[in-house]
Every structure is written in C-alpha cells, then in structure tokens.
Amino acid sequence: MVEPANTVGIPLNHAALLRDELDIVIPTIRNLDFLEMWRPFLQPYHLIIVQDGDPSKTIAVPEGFDYELYNRNDINRILGPKASCISFKDSACRCFGYMVSKKKYIFTIDDDCFVAKDPSGKAVNALEQHIKNLLCPSSPLFFNTLYDPYREGADFVRGYPFSLREGVSTAVSHGLWLNIPDYDAPTQLVKPKERNTRYVDAVMTIPKGTLFPMCGMNLAFDRDLIGPAMYFGLMGDGQPIGRYDDMWAGWCVKVICDHLGLGVKTGLPYIYHSKASNPFVNLKKEYKGIFWQEDIIPFFQSAKLSKEAVTVQQCYIELSKMVKEKLSAIDPYFDKLADAMVTWIEAWDELNPATKA
C-alpha cells in the first residue's frame with residue numbers, strides 16, 4: 001500500500017518559487033493539522049482559508065503559517081447580496097478565496113490531502129511541480145507523443161510542426177492522487193477497496209477541443225489568465241446537486257482556454273489522498289448530475305464563443321447565456337446557475353477592478 005511521505009527533517013525552502021506571487025486556498029470545516037506535513041513546502045506562502053459550515057466554530061491553524069481566514073459571515077459582509085453565488089456546506093466555497101486573492105497564481109488543496117512519495121521514496125513537493133507546469137508553455141494544438149516537450153529530457157518528436165513549437169501560455173495545472181482515487185459514487189460502490197498505487201511520471205497538455213473532469217483537490221492556475229472562469233458553481237446546501245463544482249468549473253475553463261488560446265496541463269504532481277468519502281452520501285449528492293452530465297457534456301463540446309469575446313469575463317457571460325438558453329429545459333436549477341454565473345462575474349469585477357493602462 002502506498003503511504004504518505006514523512007516530511008520530518010526536510011528543511012524549509014527559503015527561496016520558495018513565486019513566494020510573493022502565489023496564494024494557497026484551502027476550504028475546510030476542521031482544524032488544519034494536515035498542514036504540519038506540508039510545512040516544509042507551504043509555510044513560505046500565504047494561505048487563504050475558507051471555512052465552510054458553522055461560522056461560530058473556531059478553526060485552529062498550526063503556528064508559523066501566514067494566513068487569512070474567512071467564514072460565511074465574512075463572505076456575506078464582503079459580498080453583500082452577491083454572496084448568494086458562493087456555495088454553502090460544500091467545498092465549492094473555495095472559489096471565494098480565488099476572488100479575494102490579489103496574487104497572480106493560486107494553488108488549492110483539500111484538507112485530507114497529504115504529501116505523496118515518488119517511486120524512489122522522495123517526498124513530492126506538489127506546489128513546486130505545479131509552478132513548473134504553469135511557468136512553461138502548453139501544446140494544445142498538436143499532440144506530442146513524448147508528452148510535455150518542454151520538460152527536461154524531452155523535446156518535440158519528428159514530424160511536430162516547427163510553427164507550433166513555441167506553444168501557448170499555460171493557464172491550469174491539474175494534479176493527480178495516490179491512494180484514494182477521485183471516483184464517483186457508483187464506481188466507489190463497486191470498487192470500495194481500490195487504491196491507486198500507480199505513479200505515472202508524466203505531464204501532458206489536454207488537446208484543444210477535448211474536455212476533462214477537473215478535480216479541485218490538487219489544482220493550480222494562473223489567476224490573471226483564467227481566474228474569473230474558476231467559479232465552482234452553486235452546490236451543497238439548498239441545491240439539488242453536489243460534487244460537480246470543480247467539474248463544472250473545468251468544463252467552463254476548458255472551453256474558454258480553447259477560445260482564448262491558453263493551455264491546460266494534467267499529470268504530475270501527485271498528492272496522497274487519505275480519506276475516502278462515503279459513497280452513499282456521495283450518491284445522494286451526485287445522482288442528478290450523473291443523469292444531467294449526459295446533456296451537459298455535449299453542450300460544452302458544442303459551445304462556440306464569439307470573436308467579440310476577448311476577455312475571460314466576456315467569455316463567461318456568453319457561456320452563462322448559453323446555459324440559460326440550452327440547459328434550463330433540463331431543470332430550473334440551470335436557470336438559477338446561469339444567474340449565479342453572472343453574479344459571480346459582477347462580484348469578481350467589484351473586488352478586482354480593472355487597472356487602467
């Protein structure tokens with residue numbers, strides 16, 4: 001069985017990459033003891049903690065971390081009526097952290113994710129690998145059979161067009177998980193003891209025109225390039241669906257990245273996912289989504305944005321109109337979600353006003 005890494009004795013990285021340009025966003029309902037394992041890698045960075053659930057509960061954070069903590073009362077105070085777009089009792093609340101950050105990059109991680117070990121037994125610095133992914137180009141327009149051609153020891157293979165070798169800017173770095181896989185409830189039920197022990201040493205660009213199921217538990221992105229599209233939707237308390245928040249954001253993000261000429265990478269880094277959620281609870285949250293996704297995915301596959309949409313916000317507003325027009329017939333929830341997408345952009349722009357050149 002794969003075990004999480006023991007990081008005791010690993011010195012803190014005082015020359016941390018992008019230390020002043022990156023925030024770490026963590027949604028939680030519990031004390032953040034898990035940060036002790038991450039201390040060698042994450043302590044140099046600023047944390048934005050979004051407390052879900054009961055705002056009167058005190059969340060303990062290990063000493064030595066630089067952080068700001070927001071609960072539901074803070075969200076309501078800061079956003080006012082627009083706070084309705086932020087999910088309650090669901091990890092989708094994390095996207096509030098994306099909104100209030102002022103940094104260029106975001107790394108988000110769940111509180112049941114620990115440091116993984118690579119096949120040599122070395123502790124994996126997931127944040128460092130995400131930064132490497134974000135700082136080198138992507139190749140969405142032509143697939144390289146050696147995967148990421150920009151990685152040390154790799155290159156473009158014979159037959160790869162020289163005109164495309166410059167690549168495009170990378171907007172998203174999507175990491176993976178050892179131990180507990182990111183399965184839906186039906187798969188959890190038929191494979192309750194399955195664990196992922198396979199460490200694949202690869203990073204690849206997801207091709208243009210191809211969607212993917214984005215998982216929010218080990219994710220980094222360039223906030224300046226794609227931040228306004230990282231809305232994790234209306235989920236959890238008062239909503240008919242849950243556990244589709246990160247996937248909804250991923251579908252929207254991928255359509256917009258394809259339109260704007262940006263790249264999405266997946267693969268390394270791995271984290272160690274320690275806790276399997278209850279499949280019966282998950283099924284109650286997911287069951288409508290399991291039916292709805294058969295219409296949602298074709299919707300995103302066929303979504304075409306106009307040439308007038310040149311910013312992420314413009315693209316996202318266009319998508320919200322398409323959701324209202326095409327998906328509301330499935331369920332009134334999508335009409336509500338489309339309105340929340342607009343509210344999200346309005347709230348984003350209020351907290352992040354455009355700077356004049």
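## The model and its conventions

This is a predicted model, in which local features need pLDDT of at least 70 and side-chain atom pairs count only at pLDDT 80 or more, while totals for chains, interfaces and linings use all residues. Residues are numbered from 1 along each chain as its sequence is written, and side-chain values use heavy atoms, with hydrogens and water left out.

Helices (H or I, at least four residues) and strands (E, at least two) are DSSP runs, numbered from the N terminus. A residue is called buried when its relative accessible area is under 20%, exposed when it is over 50%, and partly exposed in between, with a 1.4 Å probe and protein chains only. Contact means heavy atoms within 4.5 Å.

Helix α9 has 15 residues, residues 312-326, and at 1.5 Å a residue it should span 21 Å, which agrees with the 21 Å between its end C-alpha atoms; the expected span is 1.5 Å times one less than the number of residues. The buried residues of α9 are V312, C315, Y316, L319, S320, M322 and V323. Because these residues cover an arc of only 165° around the axis, they lie on the same side of α9, the arc being that of the directions from the helix axis to the C-beta atoms.

On the face of α9 turned away from this buried side are the exposed residues K321 and E325. The buried residues of α9 pack against α6 (223-226), α7 (245-260), α8 (279-302) and α10 (332-351).

Rolling a probe the size of a water molecule over the atoms shows where empty space is left. The search uses a 1 Å grid over the protein atoms alone: a cavity is a set of points where a 1.4 Å probe fits but cannot get out, a pocket is an open set with protein on both sides within 12 Å along at least five of seven lines, and lining residues have an atom within 4 Å of a point. Grid points are joined across faces, edges and corners, and a volume is the space filled by probe spheres set on the points.

The structure holds three cavities of 30 Å³ or more, and the second largest cavity contains about 40 Å³ of space. Its lining consists of M235, I241, Y244, W248, W292, I296, Y333, F334 and L337. Helices α8 and α10 each supply at least two residues of this lining, and α10 gives the most, with three residues. The lining of this cavity divides into nine nonpolar residues, no polar and no charged, where Ala, Val, Leu, Ile, Met, Phe, Trp, Tyr, Cys and Pro count as nonpolar, Asp, Glu, Lys and Arg as charged, and the others, Gly among them, as polar.

Helix α4 is mostly covered, since seven of its ten residues are buried, namely A126, L127, Q129, H130, I131, N133 and L134.

## Backbone exceptions

Most residues other than glycine have a negative phi, and most peptide bonds are trans.

L18, which is not a glycine, has a positive phi of about 55°; L18 lies in the segment before β1 (22-28) and is buried, with a relative accessible area of 17%. Y147 also has a positive phi, near 60°, and is found in the loop between α4 and β6 (170-179), where Y147 is partly exposed, with a relative accessible area of 38%.

## Two buried aspartates in loops

D148 is found in the loop between α4 and β6 and counts as buried at 6% relative accessibility. Leaving aside its neighbours within four places in sequence, D148 is in contact with C136, A154, V203 and K265.

D52 is in the loop between β2 (46-51) and β3 (66-70) and is buried, with a relative accessible area of 10%. Beyond its neighbours within four places in sequence, D52 is in contact with T28, I29, F88, K89, D90, S91 and C93. The C-alpha atoms of D52 and R94 are separated by 8.7 Å, although these residues are 42 residues apart along the chain.
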